[in-house]
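Subject: Structure handover

Dear colleague,

As promised, I am handing over the structure, and my notes on it follow below. Please read them with the coordinates open beside you.

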Amino acid sequence: MTDIFPLLLLLPLLGCLFILFAKKNDNNSFHVVLFTLLSNLAVIVRLLTQINRDNNDLQSFHIAYSWLESKGIELVMDANLFSLLVLLGIYVAFIIAVVGLTPQQRKNKSQMLLGLYFVWNVTGLLCANDMVSFYIFFAGMLIPLFLLIGLYGNIKKNSTLYLFFAFNYAGILCLLTAMLFVYKYHQGNVELQDIALIKMPAGAAVVVWTSVCMAFISRIPIWPFHYWISSINSGLRSSLVYVMTNMLPLTGLYGFLRFWQITIPKGILPFVPVVEIFGIMTMLFIALIGLSHKDFLQKLFSYNTVYYLLFLLTTIMLPEAYIINIAYSLITFLIVNSSLTVLDLWAENACEENNCDYRGILAYMPRLAVIFAFFVLVAVGLPLSAMFWNNFVLISAFFRTSFTQGLLMMIAICIISTALLYELFIMRDATNKNPVIEIEDISDTKVAFLMAVIVFLFVSFFNPLWFAF
Amino acid sequence: MLESIIYLSPLIVLLSSIFILMFSEHNEEEQYRCFKFSKIMMITAFVFTVIFYNKPLIAEVTSGNQYTLLFECLLYGGSLALLYLSRKWFASMGMSGYTFCGGIFVALLFGSLLIRSSNLLLSVVCCVFMMMGNYALLKGITIKKEFNSDRVYLFAMVFCILLLAMALLVLYQYTDSFDYTQIREVLSANTRNIWLFAAVAAMLTVLMFMLGLAPLHFWFTETLGGTVLPVFAYFIIVPICACWGGFIRFNTEAILPFSENLYLFYKTIALISITLGALGACSVQNVRKILAYGTVYHWGIVLLVMQSFSLNAVNTGVIYILVYLLAMYGICACLFGLKIKGEYLFMLGEFEGAAYKRPYISAMMTIFIFSLLGIPPFLGFFGVFSALSYLAEHDSFYQFGYIMLMLIVLSYAYVQIIKNLYFEKSKENFDRADSGIYTAVLINALLMIVIMLKPQYLLQDVYKMIESLFL
């Protein structure tokens with residue numbers, strides 16, 4: 001059963017090697033990336049089909065590598081239903097982002113190489129089942145992201161870039177602290193689900209869990225750490241880099257999910273209400289900021305933040321049974337997010353090429369308009385995909401737990417949905433007619449590709465795992 | 001008799017090389033021959049060193065074991081690599097390489113003696129000659145005269161020689177011998193003697209001066225910031241190996257009874273080094289100075305970890321040194337590959353846009369820099385992991401936290417280098433790099449990959465080698 005599982009980690013690395021020796025300024029690197037992503041997607045689907053759906057335990061594929069015997073460090077990679085579902089969403093999102101690159105961007109070897117290296121790290125992170133390998137992949141993704149943001153982020157201020165690095169680096173060091181403390185008290189590497197069971201002094205437990213929280217919060221734009229991520233997003237004009245940046249909070253969220261699988265550790269229990277309050281306040285705050293922004297990608301960033309916080313609060317506040325709902329929601333969420341990014345960038349490029357106004361652009365691109373509208377409607381939570389059901393389950397559970405909290409979350413989601421719908425209205429508003437008469441719509445190939453994504457999402461409304469079971 | 005002479009063969013080879021280089025005609029056209037001769041002699045001496053690693057070079061004042069072999073391998077390996085990298089530099093600058101090769105041979109000769117020394121007098125002599133060799137290199141190979149680094153070094157060297165003389169006199173007064181074992185016995189009987197403490201501190205101060213630890217780092221950072229690239233690489237790689245080898249041996253064999261008295265001394269020096277190294281690196285624009293300050297920071301960590309000089313502490317410290325040396329050697333190789341119109345680069349601004357013109361070298365330099373920051377999956381992570389896990393295991397939580405804090409500060413300086421390499425537009429045309437540079441960088445990278453995949457090679461073998469020091 002585990003025969004093809006190692007391919008998940010090997011293929012991106014092989015792809016990186018191929019790109020390293022590929023020619024400059026041609027599409028070879030692009031083809032390698034696309035091939036690698038599609039191959040790994042096939043591996044994920046194949047693995048999903050091998051999972052027994054009726055079994056309540058999250059069945060898993062398992063490989064181990066004895067890395068440092070003398071120090072008791074064995075790297076354990078383990079993919080279960082949850083991680084495979086999230087990986088599925090990630091890979092489809094990346095494929096959409098790669099397809100959405102402009103012809104010029106596709107020839108950019110460094111972007112392709114760093115993008116694939118990032119994918120390798122994300123894959124490793126989602127498959128890591130022990131503390132050391134989790135740390136290695138968690139920290140490893142900072143390098144490609146930092147380089148890509150520096151190269152393509154159009155960041156004017158030196159301090160913004162450094163702050164991005166420093167925040168993430170501090171987060172990495174926090175996780176290293178937690179890892180070393182766990183290592184000290186366990187005398188060796190430990191599997192993630194066993195961390196909460198390790199006996200350690202109360203003070204050490206506080207250090208470990210505070211460090212873990214700080215490490216993951218450094219990646220989630222929760223107040224007061226929200227600034228760095230929003231500041232680097234503003235100048236991004238590459239769909240791949242934008243999707244990568246928005247994948248960063250996912251790693252923080254996934255960290256919480258893996259470390260708090262069973263119950264919230266005692267060491268951190270008194271701080272949980274604070275995180276809840278900050279989480280909900282940030283949701284409202286970011287949703288309002290999203291409403292006030294004029295750039296669609298900024299609104300999309302706010303939308304992402306609101307939803308990531310919803311998933312984070314689900315992890316903290318709701319029972320373990322709801323975790324699988326997060327996974328189902330995440331698949332659609334990641335795909336929709338990536339698709340909207342690509343579509344908006346295509347629209348912006350059309351505006352730039354034709355020197356026309358962004359307002360009303362969709363009126364001249366009917367095919368893009370239909371697809372764009374579908375994804376916005378899915379994003380705002382209409383019953384068009386599996387996200388509707390799963391968000392419904394999550395939010396109703398919040399209402400049951402605490403009516404006030406549920407209400408505040410619902411308000412935040414409504415505000416950010418309004419922001420997206422208003423942007424759709426702006427883009428379709430043809431009252432201010434552009435001077436140009438004809439703008440080239442998206443190509444047939446792109447339409448076919450996006451229609452396939454739409455069908456995938458729509459069928460998932462009836463059966464979320466129709467492609468596997 | 002014949003046996004003793006055979007055991008002396010590494011020293012004879014090195015000494016004869018120095019004399020041949022001194023008295024040969026310093027002709028620019030003979031560059032190639034000079035480097036080829038040095039390489040052959042160095043490899044010969046290295047082979048003899050490895051063969052006779054456990055035989056005494058000079059009976060009763062030296063002794064060899066696996067520990068000395070480890071540091072001698074580092075010393076010779078670093079020197080050979082430096083020779084390989086520097087040959088093209090001297091050719092392109094049209095300068096004579098005789099002084100440089102001679103300097104390396106002096107460092108090798110006295111460095112290997114320092115590592116093997118079990119006698120204080122011999123150690124002091126080695127230190128003095130190594131400092132004189134360093135001075136000769138600083139004085140002999142310069143291009144710009146913006147900073148009187150050689151003069152500063154000369155004054156500091158004279159001061160160090162005075163300290164060494166004082167240490168020798170005081171210790172001899174009490175022990176009637178220069179042998180490490182005798183000194184150890186006397187020290188264990190007089191752990192509260194203030195004069196003995198002063199003498200030991202004086203000896204250690206000189207060794208720490210040679211290592212460039214703060215607050216005696218001024219010569220190290222200033223000299224490295226202003227000197228030519230081969231001399232910079234020499235100071236970063238070659239004498240360091242010998243000094244750490246001698247320093248660890250002196251601490252474990254001669255003054256171990258004093259280790260409790262020296263805790264505070266070492267801790268203070270280490271914390272000052274960490275602070276000044278990290279802050280200093282952020283305050284300068286000269287890339288070589290940044291790397292030099294970074295070195296001060298890293299040596300601070302090594303000293304902090306090794307302060308008890310137990311087997312585990314030394315093992316952790318040595319692993320950190322090895323990891324650092326590999327990364328630093330890679331960075332030096334990259335610096336040799338980056339030049340504009342024949343000029344090698346100093347300032348941050350000169351590195352702008354290098355990634356667009358020399359993508360492979362810039363990428364490797366970035367990897368080595370990230371490695372120094374301890375970010376996985378690069379080898380530097382292993383060094384940071386070893387050092388910090390050692391501190392955590394020994395409940396040194398404040399030191400643990402402080403290292404982390406300063407690492408974030410230091411990251412600013414390293415990120416500046418990467419920023420200039422990648423995120424700035426290229427204004428200049430970078431010269432074509434020699435294929436030898438690519439080979440050196442590639443070998444270094446492969447070595448790092450192998451060790452990262454199978455760290456057992458590094459851990460187990462190094463541990464066994466260090467263990468021989470405690471038997």
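How many salt bridges does a search of the whole structure find over all chains? The search finds eight, and please keep in mind that this is a predicted model.

One of them joins B:D395 to A:K184, with the closest N and O atoms 2.5 Å apart. This pair crosses between chains, since B:D395 sits in the loop between helix 17 (380-393) and helix 18 (397-422) of chain B, while A:K184 belongs to helix 8 (residues 158-186) of chain A. The two partners can be told apart by their accessibility: B:D395 is partly exposed, with a relative accessible area of 48%, whereas A:K184 counts as buried at 11%.

Within chain A, A:K299 forms a salt bridge with A:E423, and here the closest N and O atoms are 3.9 Å apart. The pair links distant parts of the chain, with A:K299 in helix 13 (residues 296-317) and A:E423 in helix 17 (residues 403-428), 124 residues apart. A:K299 counts as buried because its relative accessible area, 1%, is under the 20% cut-off, and A:E423, at 3%, is buried as well.

In chain B, the side chains of B:K419 and B:E424 meet in a salt bridge at 3.1 Å, N to O. B:K419 is buried, at 14% relative accessibility, while B:E424 is partly exposed, at 23%.

I also looked at the second largest pocket, which has a volume of about 750 Å³. Of the 26 residues that line this pocket, the closest to its centre are B:C73, B:L74, B:G77, B:L326 and B:L447. Helix 4 (66-93), helix 11, helix 14 (311-337), helix 19 (435-453) and helix 20 (456-470) of chain B each give two or more residues to the lining, and helix 4 gives the most, with seven. By class, the lining has 22 nonpolar, three polar and one charged residues.

B:V228 and B:R288 are 60 residues apart in sequence, and their C-alpha atoms are 9.9 Å apart in space.

With best wishes

Note on methods. Residues numbered from 1 in each chain as written. Chains lettered and ligands numbered in written order. Predicted model: local features only at pLDDT ≥ 70, side-chain atom pairs only at ≥ 80, totals over all residues. Heavy atoms only, no water. Salt bridge = Lys/Arg side-chain N within 4 Å of Asp/Glu carboxyl O. Helix = DSSP H or I, 4+ residues; strand = E, 2+ residues; numbered from the N terminus. Buried < 20%, exposed > 50% of the residue type's maximum accessible area, 1.4 Å probe, protein only. 1 Å grid on protein atoms, 1.4 Å probe; cavity = no way out; pocket = protein on both sides within 12 Å on 5 of 7 lines; lining within 4 Å. Points joined across faces, edges and corners; volume = space filled by probe spheres on them. Nonpolar A, V, L, I, M, F, W, Y, C, P; charged D, E, K, R; others polar.
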